[in-house]
Amino acid sequence: MTDVPEPTDVPAQAVSDDFHVFDTTLRDGAQREGINLTVSDKLTIARHLDDFGVGFIEGGWPGANPRDTEFFERARTEIDFRHAQLVAFGATRKAGVRVEDDAQVAALLDSQAPVITLVAKSHVGHVELALRTTPEENLAMVRDTVAYLRAQGRRVFLDCEHFFDGYALDPVYAKQVVRTASEAGADVVVLCDTNGGMLPAQITAVVRTVLADTGARLGIHAQDDTGCAVANTLAAVDAGATHVQCTANGYGERVGNSNLFPVVAALELKYGRHVLPEGKLAETTRISHAIAEVVNLTPSTHQPYVGVSAFAHKAGLHASAIKVDPDLYQHIDPALVGNTMRMLVSDMAGRASIELKGKELGVDLGGDRELVGRVVERVKERELAGYTYEAADASFELLLREEVRGAPLRYFTVESWRAIVEDRPDGTHANEATVKLWAKGERIVATAEGNGPVNALDRALRGSLERIYPQLARLELVDYKVRILEGAQGTGSITRVLVSTSDGQGEWSTVGVAENVIAASWQALDDAYAFGLLRAGVEPQE
């Protein structure tokens, strides 16, 4: 291989080049159905990924669309990368075109990205049918483009598209593409399971063979169509790959890509590889949720390591063991990835679950077995009636504190409430609610209108209490869920309502159950306001 300039602009705080964590959320992840990133979104995500400490951030395909071109222009001046190098994605030169004359190759250089990832065909069928050229010309396209970009001072990675399917069809040619790219100066040749159809044992066997036969530095890019993308990525590492391509939260085309967070966590905690800067693994959960917020997708509650349910325990048997030693039912300390253990209270709860949940909520049960027993029985009775406390921590905390206190935890006493829906001749509806209650010895009557009966009740309740409890002015209902429970028919069914409320600093959930949705909603609102006042430090009425 001829001498070429060494790539520059490596961030001072980058982790060792011995192993690469390469993120492609902004390119491959953005192809997920339902994700549509603005340039500002991409810049924000890039900052999060750099803060997390990945080595490479693939920003998109400059020249392919105005958005990606603008991203690279702005990223150069608006982001001071501390850990990552920015990567531009593109293709090898077109068949029959000199690399110096290829417009899209020029766009890659114009992006001024220090690293370029080229996608190339390694499946002979795709070469002939999609590129409509010869296998020999495809090899020349790879050789010419890699060598040209290296001569311009760029570091080059080459993605072998459909590699594993191409290897199954013609292993000699697939390996020839790898060898050609490596000899031309590609630092890493990435074997791509583009269709996502491989299984871990297949990945291990192929990567091991290709590594031995070519001597190239290999990477892995796995899609998740068999649900094995993370396992396939780690299988490739087992076989000798030292470059892993992933996306945040597994975003990507079809069912997604290899998920960055469990891959990194496994490498750090299971393999003992130092792939992130010191202290950054504890940012895993925060970064995962922050990126989910930017792409406007609700974080998966059951995602490994970072999901809110990843270290949640419901069964009484588990809770009893965790009370002795949390490691008995947890594969790692959740704090290592910035997550927390949670105890779920349900009709499966035993004494240990209640004691641990009380500790989590800061409620001292004092080892009172009779008190704990009462809470267990009350929870089971109410869950039988349709309540669910694993999704309504605030309602459970009110119940728990009432049992500890030995009296209802009340800030107001309701005399009555009503909600009216008026159907008007013009097809519109009017919603009005009236609330009568007592607070601090004063009888209050308030009426309000809303865009629905529950909204009208919420406004009436707030209006009746804000003068006495000004803390309520900060509260806002942020989510509202209704579920019709089994056990009854049609309009006579039992209804469960879950309400999420925020005071601008935190969020909590409450539950109500009744034979109609308005009554269930009232219960959930009652608990939401009581918990908000408790959270604000207001003493309840005697």
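**Close-up views of a predicted model**

View 1. Residues are numbered from 1 along each chain as its sequence is written, and side-chain values use heavy atoms, with hydrogens and water left out.

**View 2. What the pocket lining is made of.** Strand 3 (85-91), strand 4 (115-121), helix 5 (135-151) and strand 5 (155-161) each give at least two residues to the lining of the second largest pocket. Strand 4 supplies the largest share, three residues. Helices (H or I, at least four residues) and strands (E, at least two) are DSSP runs, numbered from the N terminus. By type, the lining has nine nonpolar, seven polar and 10 charged residues. Here Ala, Val, Leu, Ile, Met, Phe, Trp, Tyr, Cys and Pro count as nonpolar, Asp, Glu, Lys and Arg as charged, and the others, Gly among them, as polar.

**View 3. Arginine 93 and its partners.** Aspartate 144 and arginine 93 form a salt bridge, with their closest N and O atoms 3.0 Å apart. Aspartate 144 belongs to helix 5 and arginine 93 to the loop between strand 3 and helix 3, so the pair ties together parts 51 residues apart in sequence. A salt bridge is a side-chain nitrogen of Lys or Arg within 4 Å of a carboxyl oxygen of Asp or Glu. Arginine 93 is buried at 5% relative accessible area, whereas aspartate 144 is partly exposed at 31%. (Buried means under 20% relative accessible area, exposed over 50%, and partly exposed in between, with a 1.4 Å probe and protein chains only.) Look also for valine 105 in helix 3 (residues 103-110): its C-alpha atom is 6.6 Å from that of arginine 93, 12 residues away along the chain. Valine 105 is buried, with 1% relative accessibility.

**View 4. A link between helix 1 and helix 2.** Arginine 47 pairs with glutamate 78 in a salt bridge, their closest N and O atoms lying 4.0 Å apart. Arginine 47 sits in helix 1 (residues 39-52) and glutamate 78 in helix 2 (residues 66-78), so parts 31 residues apart in sequence are tied together. Arginine 47 is partly exposed at 36%, and glutamate 78 is partly exposed at 36%.

View 5. Glutamate 442 meets arginine 467 in a salt bridge (2.4 Å, N to O). Glutamate 442 is in strand 13 (residues 442-450), and arginine 467 is in the loop between helix 16 (453-465) and strand 14 (476-484), 25 residues apart. Glutamate 442 is partly exposed at 31% relative accessibility, while arginine 467 is exposed at 59%.

Notes:
This is a predicted model: local features need pLDDT of at least 70, side-chain atom pairs count only at pLDDT 80 or more; totals for chains, interfaces and linings use all residues.
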